[in-house]
Amino acid sequence: MNWRLKHKIIYLVCLLICLGGVSFALSKQQGVSSESTRVERSNRLSVEQLQKLAQTITVKITTSELLGSGTLLKRQGQIYTVITNAHVLRTAKPPYQIQTADGRVYQATVLQITDLQQDDLAVLQFRSPDIVYPVANLLNASHLRVGDEVFVGGFIANLATQKQSTPTKTQFVFTSGKVTLLLDKALEQGYQIGYTNDVRKGMSGAPLLNIHGEVVGINSLHKDPLWDTPEVYQDGSQPQAQLQELITRSSMAIPIRKELLQNHRGNQS
């Protein structure tokens, strides 16, 4: 073996040792990263904690009667922004009121948000000079997976205790369920998340929470509607028959998307 061949062998051995060290370092770093992610997402809340959280960030949208629910989206000084479904506001003419968890009633104004016009969403604002309310912690719905636990809390009319000529009584309802489908593209009005929760009339506009208490969507439609009309995607195409059936048997929400998050964070800065 001449000196040149020995030199090449030594060089190759050193190179393999270095590559092995880099590979080990990378795998260790990835392990730390995965561990950090796992620890970060381990903050699961109990059902009781989630229900209390939902009650603090969910409001009633009313005129002379309950129209639906809403989600406290953000606070800027004394101004609070509430997101709900557009179909909630279409059921009655303004003026609208917002009733918070402490029973206070505020006059609301409707904001025209161009970015949301394609979806079944509407935004209102009210001023609270004295009371500070907690607002929702939003999370991009892309983190959801089929089978994840989700929760909806909203208001319904309590007709069982209703008497004639008295204001509509309401009650807060909290439901648990699991994600059944995550559509690749949105249906008309923006519906894209399906779940098993048994939501009822009046809960439209309420927050869809994950197990960590983050709002991942806005509850919009209850499952098994009386009138079963085929759903259509926003691009005009229709889901296949099997998927259509699953959509009908699922409650549906509009996801918290990247655009809404950017708008939300931008307005907070």
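This is a predicted model: local features need pLDDT of at least 70, side-chain atom pairs count only at pLDDT 80 or more; totals for chains, interfaces and linings use all residues.
Biologist: Which residue in E5 is the bridge partner of Gln-97?
Modeller: E4 covers residues 96–99 and E5 covers residues 105–111. The two run antiparallel, joined by 4 bridges. In E5, Gln-97 has as its bridge partner Gln-107.

Biologist: Which residue in the turn of the E4 and E5 hairpin has a positive phi?
Modeller: The hairpin leaves 5 residues between E4 and E5.

Biologist: What is the E4 bridge partner of Thr-62?
Modeller: E4 also pairs with E1, in the antiparallel sense, over 3 bridges. Thr-62 has its bridge partner in E4. The partner is Gln-97.

Biologist: In what order do the 6 strands close into a barrel?
Modeller: E1 pairs with E4, and E4 is joined to E5. E3 and E6 pair over 6 bridges. The pairing in the barrel is antiparallel, and the order is E1-E2-E3-E6-E5-E4.

Biologist: What does the twist average from one strand to the next?
Modeller: The strands in question close into the barrel. From each strand to the next, the twist averages 40°.

Biologist: Which helix lies across E1 and E2?
Modeller: E1 spans 58–62 and E2 spans 66–76. The helix covers residues 47–57 and runs at about 40° to E1. The helix is H2.

Biologist: Is Ala-186 buried or exposed?
Modeller: Ala-186 is in the loop between E8 and E9. Its relative accessibility is 11%. The cut-off for buried is under 20%. Ala-186 therefore counts as buried.

Biologist: How far apart in space are Ala-186 and Ile-254, C-alpha to C-alpha?
Modeller: In sequence, 68 residues separate the two. In space, the C-alpha to C-alpha distance is 8.4 Å.

Biologist: Which residue forms a salt bridge with Asp-235?
Modeller: The closest N and O atoms of the pair are 2.7 Å apart. Asp-235 lies in the loop between E11 and H4, and its partner in the loop between E8 and E9, so the pair ties together parts that are 50 residues apart in sequence. The partner is Lys-185.

Biologist: How many salt bridges does the structure hold?
Modeller: Among them is Arg-104 with Asp-102, with the closest N and O atoms 3.4 Å apart. Another joins Glu-245 and Arg-249, at 3.7 Å. The total is 5.

How values were computed. Residues are numbered from 1 along each chain as its sequence is written. Side-chain values use heavy atoms; hydrogens and water are left out. Two strands pair if DSSP finds at least two bridges between them. Axes are lines fitted to C-alpha atoms, for helices over the stretch in contact, and angles run from 0 to 180 degrees between N-to-C directions. Contact means heavy atoms within 4.5 Å. Buried means under 20% relative accessible area, exposed over 50%, partly exposed in between (1.4 Å probe, protein chains only). A salt bridge is a side-chain nitrogen of Lys or Arg within 4 Å of a carboxyl oxygen of Asp or Glu.
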